[in-house]
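Me: I am new to this structure and would like to learn how to read it. Could we go through it feature by feature?

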Amino acid sequence: MVTLEPNAAVAALQEQIEAVYQATSESVVNIVVTTLTYDFFMNAVPQEGTGSGFVYDADGHIVTNYHVIEDGDIFNVTLPNQKERKARLVGKEPNKDIAVLQIEGERAGLFPVRAGSSKDLQVGQKVIAIGNPFGFDHTVTTGIVSAVGRSILGAGGVTIRDMIQTDASINPGNSGGPLLNSAGELIGMNTMIISPS
């Protein structure tokens, strides 16, 4: 049996990704959105959807995509320690696909994500995405900046400009999670996947 020694550059990259995950995973939350519809007899029929979000500050503000919460009536945020908190919608910008929730109750032990800048991003730069795709919490994927300054048609047919395109895997449930640079700083938010299927 042959034992392969990892290339020093590959080992360093792996350590860097692990360090970013360890430093940031406590900032990523799961959001369960409950929409109340009513049957013929006016009985409430709850329907649930999920998405990701991240802790923005110690006051309990959670940033996510507007499309994650847009039809919701009840919002529950599951923190990394598995404690669940009710939240209320405190801000939204549908045309930019951004929403802000604020958790209610105890706010001790929150870990806000470190803010970075997307101003000087370069094509080819390493990026890391964390989210809750398919209900699997705290999934990390990596990729590169494929392009910057993209314009995409968003909610209501409004064009969202200056978006970051990445080849990091983004799947349903990743929406609202943070896109990070190799220093673990927030540079964007995972919003959508464009696929022929």
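Reply: Gladly, and pockets come first. On a 1 Å grid over the protein atoms alone, a pocket is an open set of points where a 1.4 Å probe fits, with protein on both sides within 12 Å along at least five of seven lines; lining residues have an atom within 4 Å of a point. This is a predicted model, in which local features need pLDDT of at least 70 and side-chain atom pairs count only at pLDDT 80 or more, while totals for chains, interfaces and linings use all residues. Residues are numbered from 1 along each chain as its sequence is written, and side-chain values use heavy atoms, with hydrogens and water left out.

Me: Which residues lie nearest the centre of the largest pocket?
Reply: Rolling a probe the size of a water molecule over the atoms shows where empty space is left. Here 31 residues line the largest pocket, and M163, I164, M189, N190 and T191 lie nearest its centre. Strand 9 (139–153), strand 10 (159–166) and strand 12 (185–189) each give two or more residues to this lining; strands are DSSP runs of E with at least two residues, and helices are runs of H or I with at least four, numbered from the N terminus. Strand 10 provides the largest share, seven residues.

Me: How many residues of that lining are nonpolar, polar and charged?
Reply: The lining divides into 18 nonpolar, eight polar and five charged residues. In this count Ala, Val, Leu, Ile, Met, Phe, Trp, Tyr, Cys and Pro are nonpolar, Asp, Glu, Lys and Arg are charged, and the others, Gly among them, are polar.

Me: Which residues touch the most other members of the largest nonpolar core?
Reply: In soluble globular proteins, nonpolar side chains tend to be buried together. A nonpolar core is a set of buried Ala, Val, Leu, Ile, Met, Phe, Trp, Tyr and Cys residues joined through side-chain atoms within 4.5 Å. Buried means under 20% relative accessible area, exposed over 50%, and partly exposed in between (1.4 Å probe, protein chains only). The largest core has 16 residues, and V29, I31, I62, I69, V77 and L101 touch the most other members. Strand 1 (28–38), helix 2 (66–69), strand 4 (74–78) and strand 6 (98–103) each give two or more residues to this core. There is also a second, separate core of ten residues, including I17, V28, V63 and I128.

Me: What does G49 touch?
Reply: Contact means heavy atoms within 4.5 Å. Not counting residues up to four places away in sequence, G49 touches I31, V32 and V33. G49 sits in strand 2 (residues 44–55) and is partly exposed, because its relative accessibility is 31%.

Me: How many aromatic pairs does the whole structure have?
Reply: A pair of aromatic rings is described by the distance of the centres and the angle of the planes. Rings of Phe, Tyr and Trp (its six-membered ring) pair if their centres lie within 6.5 Å; planes under 30 degrees apart count as stacked, over 60 as edge-to-face and the rest as tilted. The search finds one pair: the ring centres of F40 and F41 are 5.2 Å apart with planes at 85 degrees, so the pair is edge-to-face. Both F40 and F41 are exposed.

Me: Is M42 buried or exposed?
Reply: M42 is exposed, because its relative accessibility is 62%. M42 lies in the loop between strand 1 and strand 2 and has a positive phi of about 65 degrees although it is not a glycine.
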